[in-house]
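Hi,

Here is the model I promised to pass on to you.

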Amino acid sequence: MGDLTLFRAVLTVMAVLLLAYWCSRLLAKQWVKTSGLRHLKIIEQVPVGQNQKILLLNIGESNYLIGVSQAGIQLLTEVEGDFDTEESLSAQNLSGQNPFGEVLEQLLAKHREKKGGDK
């Protein structure tokens, strides 16, 4: 009889943990949608290391490439181009196109050319 109550206790704890996980995921999605940001939008982000990422931000009519790390936040460059601001972090790009990746590759190629020209 003691084994049955122990089994029930374990199942109850597991159910509570799963419910808490599910609720936190749901609340996180809602928070991203209703964060109140009207003029600043994170279009896309790419993790580049532990606690390091590159963000593509839309602020008003301008797009900026921002580097974020434990050392701080740094403006990398202003990016020209038209990005779909409706498609934020919460939405997945189902068409397979990656404009952020293309822009990042172009910027890296320009940087490599500048470095090669300096030598």
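Predicted model: local features only at pLDDT ≥ 70, side-chain atom pairs only at ≥ 80, totals over all residues.

Let me begin with strands E3 and E4, which cover residues 62-69 and 72-79. Seven bridges link the two strands, and the pairing is antiparallel. Together E3 and E4 make a hairpin, with two residues between them. If you want a place to start looking, Ile 66 has Leu 75 in E4 as its bridge partner.

Next, the loop between strand E1 (40-49) and strand E2 (52-59), where you will find Asn 51. Its phi is near 60°, so a positive value in a residue that is not glycine.

Are they buried or exposed? Asn 58 is buried because its relative accessibility is 12%, and Asn 63, at 5%, is buried as well; the cut-off for buried is under 20%. What joins their side chains? A polar contact of 2.9 Å runs between Asn 58 and Asn 63.

Setting aside neighbours within four places in sequence, its contacts include Ile 43, Leu 56 and Leu 57, along with Glu 78, Val 79, Gly 81 and Phe 83.

Happy to hear what you make of it.

Best wishes

Technical notes: Residues numbered from 1 in each chain as written. Heavy atoms only, no water. Pairing = 2+ DSSP bridges. Helix = DSSP H or I, 4+ residues; strand = E, 2+ residues; numbered from the N terminus. Buried < 20%, exposed > 50% of the residue type's maximum accessible area, 1.4 Å probe, protein only. Polar contact = N/O pair within 3.5 Å; in protein donor to acceptor, adjacent residues only side chain to side chain. Contact = heavy atoms within 4.5 Å.
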